[in-house]
Amino acid sequence: MKISEWLDSMEKQGLDVAHIVLPEELSYDEAPEETLYFKEVRPCGILCPGNHPFATVERFGHWYHCRGQDRKAGIHAEGMEWSLFTRDKERALQTARSHIEP
């Protein structure tokens with residue numbers, strides 16, 4: 001089953017899928033069809049192995065998954081991860097930008 005099909009079935013069951021967690025087998029078995037946005041705050045350089053705030057928007061069928069770690073978490077910090085599933089492309093892009101851009 002594809003991610004978009006699974007989200008549709010969860011929505012048909014009356015669940016709010018905006019902040020749903022994907023089953024592991026779905027999240028590892030399918031690559032996004034398109035990455036619309038990616039931005040990372042990495043002032044320490046490309047070779048730094050630490051944790052860095054980021055935001056991305058990926059498309060799975062007619063669903064957009066935006067996720068990341070909020071810029072307010074800071075460089076090399078843990079926590080403040082966020083995720084949103086939506087069918088609205090502009091909402092997904094706006095959400096991702098609001099979490100990462102100053």
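In helix α1, which covers residues 3–12, the buried residues are Ile3, Ser4, Trp6, Leu7, Asp8 and Met10. The elements that cover these buried residues include α2, β2, β3 and β4. Helix α1 is followed by glycine 14, which has a positive phi, near 90 degrees. The model described here is predicted.

The protein as a whole contains three helices and four strands. Their order along the sequence is α-α-β-β-β-β-α. The C-alpha trace spans about 45 × 25 × 25 Å along its principal axes. The protein has 102 residues, and 39% of them count as buried. The accessible surface of the protein is about 6300 Å², and carbon and sulfur atoms account for 51% of this area. Contacts were also considered by separation in sequence: among those between residues at least 6 apart, 47% join residues at least 24 apart.

Empty space was examined next. Rolling a probe the size of a water molecule over the atoms shows where such space is left. The largest pocket in the protein has a volume of about 270 Å³. Its lining consists of 18 residues. Those that lie nearest the centre of the pocket are Leu22, Ser27, His65, Arg67 and Phe85. By class, ten residues of the lining are nonpolar, four are polar and four are charged.

Several secondary structure elements contribute to this lining. At least two residues each come from α2 (24–29), β2 (54–60), β3 (63–69) and β4 (81–86). Helix α2 gives the most, with three residues. The elements α2, β2, β3 and β4 are also among those that cover the buried residues of α1.

Strand β4 includes threonine 86. This threonine counts as buried because its relative accessibility is 6%, and the cut-off for a buried residue is under 20%. The side chain of threonine 86 reaches the backbone nitrogen of aspartate 88 at a distance of 3.1 Å. When residues up to four places away in sequence are not counted, threonine 86 touches His62, Trp63, Tyr64, Arg91 and Ala92. Of these contacts, Trp63 and Tyr64 fall within the range of β3 (63–69).

Notes
Residues numbered from 1 in each chain as written. Predicted model: local features only at pLDDT ≥ 70, side-chain atom pairs only at ≥ 80, totals over all residues. Heavy atoms only, no water. 1 Å grid on protein atoms, 1.4 Å probe; cavity = no way out; pocket = protein on both sides within 12 Å on 5 of 7 lines; lining within 4 Å. Points joined across faces, edges and corners; volume = space filled by probe spheres on them. Nonpolar A, V, L, I, M, F, W, Y, C, P; charged D, E, K, R; others polar. Buried < 20%, exposed > 50% of the residue type's maximum accessible area, 1.4 Å probe, protein only. Polar contact = N/O pair within 3.5 Å; in protein donor to acceptor, adjacent residues only side chain to side chain. Contact = heavy atoms within 4.5 Å. Areas by Shrake-Rupley, 256 points an atom, 1.4 Å probe, with all protein chains shown as cover.
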